[in-house]
Each structure stands twice: as structure tokens, then as C-alpha cells.
Amino acid sequence: MAMSQALIALYRSTGEHEWLNAATKALDFINGHFKDSDSGGYITAQPDPAAVGALTKPVHLLNENVQLVRAANLAHFYTGEQPYRDMAEHAMRYASAPDILDSRPFLANVVLV
């Protein structure tokens, strides 16, 4: 997620489309490999097939989903392509889920996005 943000920052600073293309390729990879259609959001890594118990569930990290919301939203802004807006909305569904919002008294990063 942070790599996509860095590539978009490079595009924003230089105006060179190669950086935006690299950022969108990274976002496409994330969307293809880490999207959790069951519970929303994006996972950090696929669980090990040999795992048992709680380790069989995918791990979601709030900060990574928030970073993805920001990167995908910027990619949508710069490209005008709907899939990046859809990514941002999907990650935001996880970041703004009641279980997440109720887990801490104030989530400034969620408010930011």
C-alpha cells in the first residue's frame, strides 16, 4: 500500500506517467491477490493452507486499509478509472465497520479518509 502511495507521490511531483502506471499496476496486483470479498477490506497476506484454528483466517490491518483507501482514491482522481474508486470504497467498508470503529475511542486515520 505504501509503495502505491509513494509512486503516486512521484507522479504528482514529476508529472511523469510512468510513475502513475507503476502505481496502478501495484494497485491492480493488490486488488487481484489481497481483496477479501467475504468480510470486506484487504488482507495483509493469505493464510497458510496448513494452518489450524485462528490462523486460518485472513489478517486485516486497519492502517494498511486506510493507506489503500488514500492511494486508490488518488489513482481514481488521476486516472478517472472506476476500479480504483471501487477499491477505495471496498477498503473503506472495512475501515468504517462498526467492529473497527467501536474498538478504539477515536480513529484519526479513519476520519482522515
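Ser4, Leu7, Ile8 and Tyr11 of helix 1 are buried, where buried means under 20% relative accessible area with a 1.4 Å probe and protein chains only. These residues cover an arc of only 100° around the axis, which puts them on the same side of helix 1; the arc is that of the directions from the helix axis to the C-beta atoms. An α-helix has 3.6 residues a turn, so residues three or four places apart point the same way.

This is a predicted model, in which local features need pLDDT of at least 70, side-chain atom pairs count only at pLDDT 80 or more, and totals for chains, interfaces and linings use all residues. Residues are numbered from 1 along each chain as its sequence is written, and side-chain values use heavy atoms, without hydrogens and water.

The buried residues of helix 1 pack against helix 2 (17-34) and helix 3 (62-79), with contact meaning heavy atoms within 4.5 Å. Gly15 follows helix 1 and has a positive phi, near 80°.

The protein has six helices and zero strands; helices (H or I, at least four residues) and strands (E, at least two) are DSSP runs, numbered from the N terminus.

Values for the protein are as follows.

| Property | Value |
|---|---|
| C-alpha trace along principal axes | about 45 × 35 × 20 Å |
| Residues that count as buried | 33% of 113 residues |
| Accessible surface | about 6900 Å² |
| Part of the accessible surface belonging to carbon and sulfur atoms | 56% |

Accessible areas come from the Shrake-Rupley method with a 1.4 Å probe; for residues, only the protein chains shown count as cover. Among contacts between residues at least 6 apart in sequence, 51% join residues at least 24 apart.

Note on methods. Buried < 20%, exposed > 50% of the residue type's maximum accessible area, 1.4 Å probe, protein only.
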